[in-house]
Amino acid sequence: SGRFVGLAMTLDVAHLAAMAVWLGGLVGVVVLLLPGGRPEELRVVVPRFSTIAFACVVTLVVTGSVQAWRQLGSLDALTSTTYGRVLAVKLAIVVVLVILAALSRAIVRRTYRPPAPVAAESVAPERDERDERRRLGRSVVVEVALGVAVLMVTALLVNLPPGIDAE
């Protein structure tokens, strides 16, 4: 419904695909980070997923922003309509989620960058990598939980009349 329905359909498909790849990939990363997961798999998969996840987040922000503008019609509708208020809750969760994702990405870049050629490894880097793996695991689990929260709020949002219709 609303304005620019053709554009909306294209944006919805891109938005849903990006969220599915990001959230589904996060679940896959959680599985890799479980005890017993092989570090060599993490070194290959996690940096690749991080790059894909970044592209997904950019896609989500762009498509979500256009859809919000299309459905709200005005900035006032963000606070004056039920749709706008529920959207504001979703946006707040998404902001926290993106900040957490940035922290996870920093851990990935710090820990899973290509190894420098070294003659002998010390015990300390392994311990650091285990600590970083735990930090990344906690971060990714919280990202998944927040992603599920976004889906729950979105389920409410799609059943509300758009803010532009309510005004």
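With which residue does E132 form a salt bridge, and how far apart are the closest N and O atoms? I found that E132 pairs with R135, the closest N and O atoms being 2.3 Å apart. I counted as a salt bridge a side-chain nitrogen of Lys or Arg within 4 Å of a carboxyl oxygen of Asp or Glu.

Entry 1, basis. I worked on a predicted model, in which local features need pLDDT of at least 70 and side-chain atom pairs count only at pLDDT 80 or more, while totals for chains, interfaces and linings use all residues. Residues are numbered from 1 along each chain as its sequence is written, and side-chain values use heavy atoms, with hydrogens and water left out.

I took helices (H or I, at least four residues) and strands (E, at least two) as DSSP runs, numbered from the N terminus. I then looked up R110, whose side chain meets that of E132 in a salt bridge (2.6 Å, N to O). Because R110 lies in helix α4 (residues 82-111) and E132 in helix α5 (residues 123-157), this pair ties together parts that are 22 residues apart in sequence.

I used relative accessible area, with buried under 20%, exposed over 50% and partly exposed in between (1.4 Å probe, protein chains only). E132 is buried at 10%, whereas R110 is partly exposed at 42%. R135 also counts as partly exposed, at 38%. Through shared partners, salt bridges join R110, E132 and R135 into one network.

My search returned 3 salt bridges. One of them joins the side chains of R134 and D131 at 2.5 Å, N to O. R134 and D131 stand 3 residues apart in helix α5, about one helical turn. I recorded R134 as partly exposed at 48% and D131 as partly exposed at 26%.

I defined a nonpolar core as a set of buried Ala, Val, Leu, Ile, Met, Phe, Trp, Tyr and Cys residues joined through side-chain atoms within 4.5 Å. The largest such core has 35 residues, and W22, L26, L33, V46, Y112 and L136 have the most contacts inside it. Two or more residues come from each of α1 (5-33), α2 (39-72), α4 and α5.
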